[in-house]
Amino acid sequence: MYDNFSSRININKFAEMVKTWQDKRINAINRKIKKGVAKGLSAQDIAENYIEEHFNICNSKAKNKKEYKASLE
């Protein structure tokens, strides 16, 4: 399917570039959890703070983060 390794890298980079605001926000939450664990905190304790937000993001019909935040108010 791929001619060489470099074409696979280019496809992967393109896939990374095409992310929705939901993908970006969930990745940010995951980074916060990882940083908390690195500081010695429990991942479960940190994740509990973000469970509701994750659910809201996944079920949001907003087209961008600004619309999402406005819908929460």
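User: Why is Arg25 called buried?

Analyst: Arg25 has a relative accessibility of 15%, and buried means under 20% relative accessible area, with exposed over 50% and partly exposed in between (1.4 Å probe, protein chains only); Arg25 therefore counts as buried. The model is predicted: local features need pLDDT of at least 70, side-chain atom pairs count only at pLDDT 80 or more, and totals for chains, interfaces and linings use all residues. Residues are numbered from 1 along each chain as its sequence is written, and side-chain values use heavy atoms, without hydrogens and water.

User: What makes the link between the side chains of Arg25 and Glu53 a polar contact?

Analyst: The two side chains are joined at 2.9 Å. A polar contact is a pair of N or O atoms within 3.5 Å; within protein, one must be able to donate a hydrogen and the other to accept it, and residues adjacent in sequence count only if both atoms are side-chain atoms.

User: Which residues does Arg25 contact, leaving aside neighbours within four places in sequence?

Analyst: They are Lys32, Tyr50, Glu53 and Ile57, where contact means heavy atoms within 4.5 Å.

User: Why does Gln22 count as buried?

Analyst: Its relative accessibility is 17%, so Gln22 counts as buried. Not counting residues up to four places away in sequence, Gln22 touches Ile57, Ser60 and Ala62.

User: Which residues form the largest nonpolar core?

Analyst: This core has 9 residues: Trp21, Ile26, Ile29, Ile33, Ile46, Tyr50, Ile57, Ala62 and Tyr68. A nonpolar core is a set of buried Ala, Val, Leu, Ile, Met, Phe, Trp, Tyr and Cys residues joined through side-chain atoms within 4.5 Å.
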